[in-house]
Amino acid sequence: MLKVLNLEAGYGPLRVLKGISLHVSPGEVVAVIGANGAGKTTLLKTIAGILKARSGEVEFDKRKIHGDPAERIVRQGCCLVPEGRHIFSTLTVRENLVLGAFCRRRTDNGASLNQSLEQVYELFGILRERSRQLAGTLSGGQQQMLAIGRALMSKPRLLMMDEPSLGVAPLVVKDIYKTIVNLKRSGLTILLVEQNARAALAVADRGYVIETGQIVLQGTARQLCDSPEVQRAYLGKEYRTIDED
Amino acid sequence: MGQPIPYNPKCEMIARDELEQLQIERLQSTLNRVYRSVAFYRTAFDAHKVNLERIKDLRALRELPFTTKQDLQKSYPYDMFAVPLRDIVRIHTTSGTTGQPIVVGYTHNDLRSWRECAARLLTAAGVTEHDVVQIALHYSLFADGFGFHQGAERVGASVIPASLATSVAKQIIIMRDFKTTVLISTPSHALNIVASLDEVQVHRERLHLRLGLFGGERWSDPLRRQVEEQLRIISTDTYGPTEVMGPGVAGECHLHQGLHLNEDHFIVELIDPKTAEPVGAGEEGELVLTTITKEGFPLVRYQTGDITRISPDPCPCGRTFVRMARVMGRTDDLILFQGVGFFPSQIEEVLAGIDSISPFFQIVLDQDRGVETIEIRVEISDKIPFLDEVKTIETLRLQVAKRIKTVLDVEPKVTLVEPKSLRALDPPGRVIDRRPG
């Protein structure tokens, strides 16, 4: 569904991505893990068209999308939940969600909009309860749910998430990841970028490890969890799995 | 009956464009890793002024330097490992008959991929959970026995690690009593079994054998037919040098039209061994393999020394991986004898240390009732005038045989010949191979 080949990007003289290649197949949850500053956020921003690629290709549904403006990429069905939520704190929860359907304003009618809203409320009950509340008054976890809900309003086929567990209470991280599992079950394809490797690999099918703008390891989530390198660098020393195979 | 299903259809029947994406992703991460963690590759890439960021497609692989068997021997024991030793969970070595053995380390994930690759080729050969698999291969240090063993367990078969430690007679008794359905061995060992059936007075009818998986030495179509007819089995050819992984690199499917090479784990190139340039489609060349999933012992552009052909046409079985022909020869003068390789130069070295014989010799390889035999003809030195006593000659003969045993692991038949009778031989005439095929 998504194919990235030799992607290079950066900021000014700074080269952040030094030739990244990865792919996401339909229905898969793929995690990109790596330390702070490895290039994870840059990667998602470049795929989403927020940042211009210096070279390389991004193919979404067999169509080249690198160089396309961000809004066209969203309309194609590839939507980003940015790091740090970036919700509109002075608007209500409902208004935030409706804005997420911005790209559908010409094609879809009110009924289908309401249906989407209903689906988001179904997924996150708390957002229904707080629908008239200002988004800025929500807790960190609720804001994250709102950001995900808002992205879902664009009816994406590929959802890209940047650090969904960042700045969220550990208990709420569990909730958010439960949601990701549910979204996966509903058939949504997800590309996930995380520092919280343990949480990400627990839901992912496959993963890539990114270090200083290059992929150094890739494999199934299971393989990555079993890699001593990943265990030492990202999962914590005490990490052990009892292998049943 | 429908088409048999591959062990992992998602991988083995992958569309070529998807495979290409997978290969480039895995190649790039492998290269980034070996450059960071293997001194040999860092030095080699720097010396060739390789910029890894320029490796943007599979063709760019050609910019990278080759890795040779000598490179691996020089790195004895651990210099080629790409992970710290604490991450290695298994160590195998090559026989080391041709010099320093090559030591290969496997991580937990390497063992997992290996198991899967071996399971794929066993499944392709027709092995199922209903089979009783007897593995008559060396287990000590070598990778072959273990590779098939793990794969067969993964498939769910009942595995008998018969190894080669047991005599052929006992091998046959096990085969009869345990109702073995699949034999895994070298082709010559299979012939050995055929030849010994009468001796142990076991009729073929008493055996349950239906399949044979063979590898580890060169064999030919006539030999294959002989094994198939006499054991009444369907045989399958397998390929997998230890340094690359072990059994599981490639294997035939039930159609027997070449060995499917597991391209999601290895990138294949075929080069002219003289020019190192890629050969044209369908031409013979030296097989060069790059591992793209191995963590412990990754290889970049490894020259296997094996001559083969590659067919990229899709196989009617549905697998999309390219197929290699059975190994047709070697780029060097390596001789494979009873599954172990050696160079004539090694015999030369051994003989050089013995007085009363000249450095001229001849190697004669043959087959006797299916068993590979070797005879070394050695010229007696003309500088020793009184070498006419039978006892002296016999002592000399035994001394030579013993020395050669240190190389070959078996005592060859040694024939002493008249002085000056062998010295006119060119190097090609030094080896006579009468083995069929």
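Before looking at any sheet I noted that two strands pair if DSSP finds at least two bridges between them, and that strands (E, at least two residues) and helices (H or I, at least four) are DSSP runs numbered from the N terminus.

I also wrote down that this is a predicted model, in which local features need pLDDT of at least 70 and side-chain atom pairs count only at pLDDT 80 or more, while totals for chains, interfaces and linings use all residues. Residues are numbered from 1 along each chain as its sequence is written, and chains are lettered from A and ligands numbered from 1 in the order in which they are written.

**Entry 1: a sheet in chain B**

I looked up an open sheet of four strands in chain B, and found the order β10-β11-β12-β15 with antiparallel pairing. Which strands are at the edge? I found β10 (266–271) and β15 (329–330) of chain B there, each pairing on one side only.

Starting from β10(B), I traced six bridges that pair this strand with β11 (residues 285–291) of chain B in the antiparallel sense; B:Leu270, for instance, has B:Leu287 in β11(B) as its bridge partner.

Is β10(B) mostly covered or mostly open? I found this strand mostly covered, with five of its six residues buried (20 or more other C-beta atoms within 10 Å of a residue's own, with C-beta atoms placed from the backbone).

**Entry 2: the domains of chain B**

I turned to the domain assignment, whose bounds come from an automatic or database source, and read domain 1 (9–332) and domain 2 (343–433) for chain B. The centres of these two domains, taken over C-alpha atoms, are separated by 34 Å. For the contact (C-beta atoms, placed from the backbone, within 7 Å) I found seven residues from domain 1 of chain B and seven residues from domain 2 of chain B.

**Entry 3: the domains of chain A**

For chain A the assignment gives domain 1 as 1–77 + 157–167 + 184–245 and domain 2 as 84–155, and I found their C-alpha centres 25 Å apart. How many residues does each domain bring to the contact? I found six residues from domain 1 of chain A and five residues from domain 2 of chain A. On the domain 1 side that touches domain 2 of chain A, the largest share, three residues, comes from helix α2 (residues 70–76) of chain A.

Notes: Contact = placed C-beta atoms within 7 Å. Buried ≥ 20, exposed ≤ 12 C-beta atoms within 10 Å, placed from the backbone.
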